[in-house]
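Subject: Handover of a structure and notes on its helix packing

Dear colleague,

Please find the structure below. I would be grateful if you would read the notes that follow alongside it.

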Amino acid sequence: MLKRHFDSEYKVLIKYYKIRGVGRKMLQFKKDDLYIEQVKLSDIAKEYGTSTYIYSKSQIVNNFENYKKALSLKEGLICFACKTNSNGAILKLLAELGAGADTTSGGEIYRCLKAGFDPSNIVYAGVGKTAEEIEYALKSKIFMFNVESFEELDAIDKIAGKIKVKAKIAFRVNPHVDPDTHSYIVTGKKGTKFGIPYEDAVNAYLTAKQKKNIVILGIHSHIGSQILDVGSFKLAAQKIKKVVDAVEKNGIKLEYINCGGGLGVEYTKKQKAPSPKQLMSELFPVFDADKKFIFEPGRSIIANAGHLLAKVIYKKVSGGKSFLITDAGMNDLIRPTLYEAYHEIIPVKKTDDKKVKTDVVGPICESGDFMGKDRMLSVVEQGGYLLITCAGAYGFAMSSEYNSRPLLAEVLIDGDKAVLIRKRATYEDLLLNEV
Ligand code: LLP
C-alpha cells in the first residue's frame, strides 16, 4: 500500500519534469536511486562531496533550443541573463549554442568574454553603471547599453567621446506594469528604480539624438522575474509600442525591440509556465513586421536544469516538529528565505517509510535558514541525501560565505558523464584577499 503510494508520487514528479523538458532522462528513479540523466546522485555525493550544485546539460540545451526555435521566425538574439548562473562552463555551453549574453556589471562582461561570447552579442543593463564599467564595456565593443537614466546617457556619451568610439544604446523604458510576482523582483512598476520613467521615454530619445557619440539602436523593457502570466508581458509590449511610434514619428528608427527576460518556471506542480513560443506569439504581432527582437531569459534557461544535492547531518524533533538538518544552508541557497520561494525537495533514496511533516533546515545561526518548511518527506537517516530541485537559477549565483562557509562545488552532467565545473572552496580560500 505504502509502496504504491510512493510510486504514484514519483510518477507524478517524473511526469512533471517530463512536461518541462527532456523528461525521464533528466531526473528519474532507477530502482530506488535518483539519477540526473544517467548519473546516480549518491555517486556524485561520494565523488565530489556535498553540498553540491548539479546541472543537466541536456536540460540547458533543451531550454535554450526552445527559445531559439521560437525566435526563428524573426531576426534577433537570445541573450542569456548571466546573473542567474555565471559559471564559465555553462556560459561557454550557451555561447556555443549561439546565445548572446545579458549582463549587469563589468564583472559579468568579463566572465562572458572569457567564456567565449562574441562581444557583439552582449547587452548591458543596470541602473548604476560606473565610469570604469562603461569604459570597459565600450573598449570591449559590446553590442549595446540598455540605458536607465539621463545622467547615465551623459556619462556614456562623455566616456565614448573621450576614447573616440560611438556607443550603441537602447533605453530601458519602465512601462509601469505591475506583474504578479514577488514584490522584490518586480521591476516594471511605477516608482521602482529601473529604467526611464514611461512619461519621459520620448524625451530621452530626443535628448540622445543630440549626443555626438551615441547611436540609437532600439528600446528595452524588463518588467520582473518569475512571471507566469503572458498578459503582463503583452501589456508592457503594447505600452512600449506607443513609445516606439512616438519616437519614430520624430525620425528616430528603432531597429531592435528588447523584451527583457522574466518568463517564470514551474517550481510547484500547480504552476503552469508559458513556453517561449507562447510568449513570442503574443509579442511579435504587437510590433511592425520589420522589427528585430532580443530576449533576455535567465531563469527559464537554467532553473530546472540545476539542483542542490545536500546531506542530512542530523535529524531531530523539537517542539513537536521534525527537522532534517542539512549541510546546505541559506548561504548556499538564499531563495527560500529571501523570497519565500518553494523548491521541491526529494530524498535521493526511495523508501517505503511513512511520510512525516518535516522542516528542512541548514546549519546557520538564523531562524531564516531553511530550504523548505512543513514538507511531507519519508524519514531520511543521518548521512542520507536530499535533492533541492529547480535551483539552477539564482542559486549558486546568490550564494555567499556567510558563517565562513566555503563556496560549493558545481558539477555538470552530460549523459553518463559528470564533470566538475567548479572546485569546492577551501578554508584557505576564505582568507584569500585579506591583507
Ligand atoms: N534582464 C534584466 C534586465 C533583468 O534584470 C533580469 C533579472 C533578467 C533579464 C532575467 O530575468 P529572468 O528571465 O531570470 O526572470 N534573484 C531573484 C530574481 C531577480 C531577477 C533580476 N533581474 C530570484 O531568485 O528570484
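The model is predicted: local features need pLDDT of at least 70 and side-chain atom pairs count only at pLDDT 80 or more, while totals for chains, interfaces and linings use all residues. Residues are numbered from 1 along each chain as its sequence is written, and side-chain values use heavy atoms, with hydrogens and water left out.

Helices (H or I, at least four residues) and strands (E, at least two) are DSSP runs, numbered from the N terminus. Axes are lines fitted to C-alpha atoms, for helices over the stretch in contact, and angles run from 0 to 180 degrees between N-to-C directions.

Helix 3 and helix 10

Helix 3 (residues 57-71) packs against helix 10 (residues 276-283) at an angle of about 25 degrees, and their axes are 8 Å apart. The two helices are therefore roughly parallel to each other (angles under 35 degrees count as such). From helix 3, the residues that make the contact (heavy atoms within 4.5 Å) are N66, Y67, A70 and L71, and from helix 10 they are P276, K277 and M280. By class, this contact has 5 nonpolar, 1 polar and 1 charged residues; Ala, Val, Leu, Ile, Met, Phe, Trp, Tyr, Cys and Pro count as nonpolar, Asp, Glu, Lys and Arg as charged, and the others, Gly among them, as polar.

Helix 4 and helix 5

Between helix 4 (residues 88-96) and helix 5 (residues 106-115) the angle is about 65 degrees, with the axes 8 Å apart. G88, L91, K92 and A95 of helix 4 meet R111, C112 and A115 of helix 5. The classes here are 4 nonpolar, 1 polar and 2 charged residues.

In helix 5, G106, E108, I109, C112 and A115 are buried (under 20% relative accessible area, with a 1.4 Å probe and protein chains only). Their cover includes helix 4, strand 6 (100-103), strand 7 (122-124) and helix 6 (131-139). Just after helix 5, G116 has a positive phi of about 105 degrees.

Y55

Y55 belongs to strand 4 (residues 52-56) and is buried, its relative accessible area being 0%. The side chains of Y55 and E410 are joined by a polar contact of 2.6 Å (a pair of N or O atoms within 3.5 Å; within protein, one must be able to donate a hydrogen and the other to accept it, and residues adjacent in sequence count only if both atoms are side-chain atoms). Y55 and I90 are 35 residues apart in sequence, and their C-alpha atoms are 9.0 Å apart.

Yours sincerely

Methods. Angles under 35 degrees count as roughly parallel, over 145 as roughly antiparallel, 65 to 115 as roughly perpendicular and the rest as oblique. Buried means under 20% relative accessible area, exposed over 50%, partly exposed in between (1.4 Å probe, protein chains only).
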